[in-house]
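The following paragraphs guide a new reader through the structure shown below. Please keep the sequence and the model in view while reading.

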Amino acid sequence: MASSQATAMIPFAEEQLAPLRSLLADSSAEQRTWLSGYIAGFQAANAPAAAAAPPAAKPALTVLYATESGNSEALAASAKREAGKLGFAARVLDMADASLDGLAKAGNLLVIASTWGEGDPPQRAEAFFAALMASDAPPLAGLRYAVLALGDRAYAKFCETGRRIDTRLAELGATRLAPVEECDLDFEVPARAWIGTTLRELGAETPASVIHVDFMRPPATEAAAHSRARPFAAEIAELVNLNSSRSTVRNFHIALSLAGSGLAYEPGDAIGVLPTNDPALVDDVLRAAGLDHDDALRAALATRHDITTLTQPQISAYAALVGDAKLAAIGADPLQAAAFRAERQFIDLLDAAPHKLAAEQLAGLLRPLAPRLYSVASSRKLVDETAELLVAEVAWEAHGRARRGVASGEIARRRVGETLPAYVQANRHFRLPDEAERPVLMIGPGTGVAPFRAFMQEQEALGQKRRSWLFFGARQFTHDFLYQLDWQEWLRAGLLTRMDVAFSRDQPEKQYVQDRMWEQRRDLFAWLEEGAVLYVCGDAAAMAKDVHAMLARIVADQSGRDGEAYLRDLVQAGRYKRDVY
Amino acid sequence: MTKPPSANEGIKAASRLLRGGIAEGLRDRITGGLAADDQQLTKFHGIYQQDDRDLRPERAKKKLEPAYGFMARLRVPGGVMTGPQWLAMERIARERGNGTLRLTTRQTIQFHGILKGNLQAAIRGIHAAMMDTIAACGDVNRNVIAAADPQRAGAHKGAVDLARRLGGHLLPKSRAWHEIWIDGEQVVPAGDAPAESEPIYGPTYLPRKFKIAIAVPPTNDVDVFAHDLGFIAIEQDGRCVGYDVTVGGGMGMTHGEPDTFPRTADVIGFCTPDEAVDIAEKVVTIQRDWGDRSDRKHARLKYTIEREGLDRFVAELATRRGRALAPARPYAFARSGDALGWSEGDDGRAHFSLFIENGRVGGALMAALHAIAEVHRGEFVLTPNQNLIIAGVAPGERAAVAALLGEHGLANPAGGLRRNAMACVALPTCGLALAESERSLPGLVTQLEAALAASGLAEDEITIRMTGCPNGCARPYLAEIGLVGRGPGTYHLYLGGAFDGTRLNKLFRRDLKEPEIVATLAPLFSTYAAERRPGERFSDFAIRTGVVAATTAGNRFHEDVAA
Ligand code: SRM
Ligand SMILES: Cc1cc2nc3c(=O)[nH]c(=O)nc-3n(C[C@H](O)[C@H](O)[C@H](O)COP(=O)(O)OP(=O)(O)OC[C@H]3O[C@@H](n4cnc5c(N)ncnc54)[C@H](O)[C@@H]3O)c2cc1C
Ligand SMILES: Cc1cc2nc3c(=O)[nH]c(=O)nc-3n(C[C@H](O)[C@H](O)[C@H](O)COP(=O)(O)O)c2cc1C
Ligand code: SF4
């Protein structure tokens, strides 16, 4: 009866109801809950505008991220979407723009932070991080938080930044909602799962309300365009080693055709490349594990697994797998592990205690193969649907084996006409100033010069004669002056105002860009005082630190002011930008 | 018939006594080169802009400019330097150059591949060792060369002393070299005329390079007839009483232009030692006033003399000096090559003449000479045959030097042909080279040695000289066998130059490839071995048997050519 009664009130024809009934019959409780939200959301989306006003009681959520190469930023964006669906009034905030005072009022806080350098926070987050760690940081009682830390187990201070933020927030009285989540380079799946779970836990107290599914807008453009998850097979249009045949190093100028991809980059952005492992090394790894007959695994090792990096957990895991006491001891001691890993790779681990492995055992030991980023060295305004990159070949010799960087080694092996899977990794922080008058000071030794070539191409295309000053350095003038003819042309045309170069191996005394900066300190400081934007790109380990120290010294020398404080102000004003790796 | 002056004349005139824009050019570190006009001016400072020709094909596609590097040439009157100076030059070569020293056919040392950014440091190092590069190139009197014959201590000292006096007297007076390379500061603003002047040269210097050599018979190692001006020492009772004076020698010519030719100098008289410097000054001023300033290919003194006639020239010299030269005295030369190995000097000191293949010192050889320079107290004498004499070895020192020579494998002499072989620099640094030379001759000599050995001539001395182009930097036209580059791997073969450097050779075969050179010479060697007269030189034999005609004067060089 009830059913017929109900039927009478149903505004559906019986044929329309049949599929709904069968769907509900097979559904789980969770699915049915979701469906009720879905229908409510559909209702809301189609209602007249006034009726769609969000309910007043939405809980607030801040997703605070600290990023260098954009991973945390991308995760933050997807956390915001997810949170929106779960009924939060969510906002995304870059730590570079965040202040500690505002944070106390945030209510709910999700932190997503990566670690750089040797356990350092991303550069643009340095000021916030320092304020948070400072002894005079304000109490944060009332704040509820959880931290997602991104890192790389190949580094000794794994996820250091995220860990320290997590500890510090608790010290300041905030409530930890979940333990800090530490992600390795294969963060995509675990990070998204953790975001989902954490948000749901956070929202458990608030009544499950409307699920915001966007029915009207076409699918997000991001989904259609090529991305890290769906890279574009970019054809190699040009591939030239820019160093002379007598150089001690190789840097490849590589032009990738983006024609038809819809990919668009701006000078300052990077191109992500999904590399393929050296087939010879794949074979060596398979052979070492007694798996050289396994072609399926061979294919997986080529493109999906990182078969070069060696991490401490891998040492322990392998030691356990093969029952090797010596390796187990090494794996258990960070110092021993560090010494063992110094110049070794995964293959050396297998060689240290050869053992036949099952395919799943080998695959289980390996991390996913991460993409590599390369600053674009071109402007689309000049080169159209092409992206030019400058790739330094990583190559060294250790323990009797010639070693190559995965991506740069692959690029060195490639030929024009072949393709590389690629996507665009935007870096909106590293852009030419909007004001055409504002001078730029560019410091980019080695491959660090790549984005500045993009800047110059952009200026050339726009016919913009902005005051610009470039510092470049390499080993030898004759053999390593990357893009020398381009700079000469821009200098002649007056597009590049000034250029200073340092070549470390041309004379008995080593000379670096910072030495040139010191020689030119008066002018350099004058440029800064005149409002120049300072860009530093390239090697993070040594160059960026030395250049930074030199900048501070120059400021102190020229003005008597505290150099570090001056530079901090520049960072805050968005006039000291670094893209270092 | 007044033709416009050559471009170089304008550059010199506008240079403010050799300054030009060199100082500014040195500050521009984005290019490794200098402005074209300044490249002409640096020559007067002993510095040439070059580029590594081996790398030329790849540079542009790598977005690199040509691989510029500078050659710097020392001024070493008579080729005499000390051990500490040698060590200082070696260090400059390692730290600022391409790691090699190149001993030249005119008793100096060349550095190659100095980057623009290192030039000042290199020249300062040279200056600190009390040496310089002033006027080592350019339209001025160059390094004065003198017989490298320390065995005859008195005569050698006299010749070197005259070389120093001549060189010093004819040095440009401009302070530009010191300003630009040593002080490094003053950049005289355009228009500000420097205070000094050039009393001998005038503001446009000479129409072309000018070279002086001093020979001490019986050795003609300096090839005195190859120079614009020469002095042949005349000895009486073991004492130098004066010099026969020669004028109008030169080697350079251009392929396919018969009005260019090598020329042996004419002997025009005799002078006493104290007249020599004044004679040199007057010859220089005649060339300054009479030389062709419109066509650099005819600007050397040899063409001035050909054009004006020797008599007119000699008369003009007498007029400018206020008196004529005394009649020339007899002299006799025996050889133009070096006598290698140990020799005892007439002053009790010993000398070791070390064969240095094509004058190139690097790697193991440089290390060996370094070791010797650290113990040796005497001199290092560069020879006009690109060799090096470890000179003035005191009796107590000799064993140590001999041991070092043995240890480094330098004691064993090469065969008769190789000992008398010379090649110019050519590729990869010389911008004028048409063919390889320094890098090619050693291998060719090895092949020819096999042919000589087959005829039993392995120890016979025969002079062979190769150049990468017809400019003649290794004086190939005065060799018994001359090879002159025509194009990659291709050479003209000349025969019949006198062993003592008194007669030019003659073109025998055109455009030979290396294997053809060997195939052409091998049968000549065997007939020479079979048919020569006692003591007859290979070149004299070739002329006697009609292989080539004798060249009796420079202006007949292109005549009677059978090839
Ligand atoms: C290094 C040396 C050859 C060697 O293997 O030792 C040499 C090397 C060069 N000579 Fe020479 N010449 C050298 C002795 C000679 C000689 C031999 C001599 O003087 O006894 C001659 C023939 C004599 C003569 O002057 O006629 C000689 C006749 C030339 C010429 C032709 C000159 C002419 O008027 O015909 C040139 C080209 C020019 O001047 O235009 C030249 C030009 C050059 C240049 C500088 C090329 C250039 O102008 O760009 C060469 C540099 C090559 C390099 O990469 O180092 N070089 N050059 C000799 C250095 C001598 C020194 O220390 O001063
Ligand atoms: C934002 C950003 C922009 C970048 N832009 C550029 C760019 O424009 N051009 C460019 O060339 N690179 C750039 N990089 C770096 C680039 O992404 C790669 O990291 C680099 O090319 C190395 O990758 P690979 O796969 O060739 O080497 P990998 O396989 O990743 O190997 C590199 C690792 O090898 C080890 N290693 C290297 N040398 C030695 C040695 N001598 N001894 C012992 N171990 C050693 C180190 O552990 C090192 O981390 C950028 C990076 C970032 C994050
Ligand atoms: C130069 C460099 C240094 C790094 N240093 C560390 C480190 O010390 N510890 C760590 O856990 N991860 C380190 N990483 C790994 C990054 O944290 C990791 O790539 C992360 O995914 C980057 O996230 P982001 O794009 O948000 O900055 C480093 C990466 C690079 C390229
Ligand atoms: S002879 Fe010609 S090739 Fe040889 S160094 Fe002289 S100019 Fe150069």
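How many nonpolar, polar and charged residues does the shell around ligand 3 have? The shell has 7 nonpolar, 10 polar and 4 charged residues, where Ala, Val, Leu, Ile, Met, Phe, Trp, Tyr, Cys and Pro count as nonpolar, Asp, Glu, Lys and Arg as charged, and the others, Gly among them, as polar.

The model is predicted, with pLDDT of at least 70 required for local features and 80 or more for side-chain atom pairs, while totals for chains, interfaces and linings use all residues. Residues are numbered from 1 along each chain as its sequence is written, chains are lettered from A and ligands numbered from 1 in the order in which they are written, and side-chain values use heavy atoms, with hydrogens and water left out.

Ligand 3 is surrounded by 21 residues, and the closest are A:Thr67, A:Ser69, A:Asn71, A:Ser72 and A:Thr115; a residue is counted if one of its heavy atoms lies within 4 Å of the ligand. Polar contacts (pairs of N or O atoms within 3.5 Å) also involve this ligand. A backbone N or O atom of A:Glu68 lies 2.7 Å from an oxygen atom of ligand 3. The side chain of A:Ser72 places an N or O atom 2.7 Å from an oxygen atom of the ligand, and for the side chain of A:Trp116 the corresponding distance is 2.9 Å. Taken alone, ligand 3 exposes 640 Å², of which the protein buries 90%; these areas come from the Shrake-Rupley method with a 1.4 Å probe.

Attention now turns to chain B. Here 5 strands form an open antiparallel sheet in the order S1-S2-S5-S4-S13; strands are DSSP runs (E, at least two residues), as are helices (H or I, at least four), numbered from the N terminus, and two strands pair if DSSP finds at least two bridges between them. Strands S1 (47-51) and S13 (360-361) of chain B stand at the edges with a single partner strand each, so one side of each is left without a neighbour in the sheet. Strands S4 (residues 101-103) and S5 (residues 109-114) of chain B pair over 2 bridges, and B:Leu103 has B:Ile109 in S5(B) as its bridge partner.

The loops of chain B also deserve attention. The peptide bond from B:Pro217 to B:Pro218 is cis, with omega near 10°, and B:Pro218 is in the loop between strands S7 (212-215) and S8 (229-236) of chain B. Another cis peptide bond joins B:Leu427 and B:Pro428, with omega about 5°. B:Pro428 is found in the loop between strand S16 (421-423) and helix H14 (441-454) of chain B. B:Ala426 lies in the loop between S16 and H14 of chain B and has a positive phi of about 55°, although it is not a glycine.

Key: A polar contact is a pair of N or O atoms within 3.5 Å; within protein, one must be able to donate a hydrogen and the other to accept it, and residues adjacent in sequence count only if both atoms are side-chain atoms.
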